[in-house]
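Please report on the fold, the surface and the side-chain contacts of this chain. Keep it brief.

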Amino acid sequence: MGFGSYDESEQQNQDVNADDEDSEGVNVHENEHEGEITFETDASTDELMDQLAEIKDGADEE
């Protein structure tokens, strides 16, 4: 078959056992943390909003 074509025969007999005990999976809960983050700044709310607007404008230009 040519590049980018689809052949159903290629899709046969592709058994995948996701519950295999020997397979090494990724535990997405391994590094969960509970806590609190605080951030203090001397910038005013208006200054922070201006910075946010600049960031958004820069992202729109890309």
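The report below goes from the model to the chain, then to single residues.

## Model and conventions

This is a predicted model: local features need pLDDT of at least 70, side-chain atom pairs count only at pLDDT 80 or more, and totals for chains, interfaces and linings use all residues. Residues are numbered from 1 along each chain as its sequence is written, and side-chain values use heavy atoms, without hydrogens and water.

## Chain overview

The chain has one helix and zero strands. Helices (H or I, at least four residues) and strands (E, at least two) are DSSP runs, numbered from the N terminus.

Of the 62 residues, 0% count as buried. Buried means under 20% relative accessible area, exposed over 50%, and partly exposed in between (1.4 Å probe, protein chains only). The accessible surface of the chain is about 7,000 Å². Carbon and sulfur atoms hold 43% of that surface. Areas come from the Shrake-Rupley method with a 1.4 Å probe.

Helix H1 covers residues 45–61 and includes glutamate 54. Glutamate 54 counts as exposed because its relative accessibility is 59%.

Glu54 belongs to a surface patch of negative charge, together with Asp46, Glu47, Asp50, Asp57, Asp60, Glu61 and Glu62. Patch residues have over 30% relative accessible area and no salt bridge, with like charges joined within 9 Å. A salt bridge is a side-chain nitrogen of Lys or Arg within 4 Å of a carboxyl oxygen of Asp or Glu.

Glutamate 32 sits in the segment before H1. Its relative accessibility is 53%, so glutamate 32 is exposed. Its side chain makes a polar contact of 2.4 Å with the side chain of histidine 29. A polar contact is a pair of N or O atoms within 3.5 Å; within protein, one must be able to donate a hydrogen and the other to accept it, and residues adjacent in sequence count only if both atoms are side-chain atoms.

Histidine 33 also lies in the segment before H1. At 72% relative accessibility, histidine 33 is exposed. Its side chain reaches the backbone oxygen of asparagine 31 at 3.2 Å.

Key:
Patches are made of residues with over 30% relative accessible area and no salt bridge: like charges are joined within 9 Å, nonpolar side chains (Val, Leu, Ile, Met, Phe, Trp, Tyr) within 5 Å. Lys and Arg count as positive and Asp and Glu as negative; His and the chain ends are not counted. The place of a charge is taken as NZ of Lys, CZ of Arg, CG of Asp or CD of Glu.
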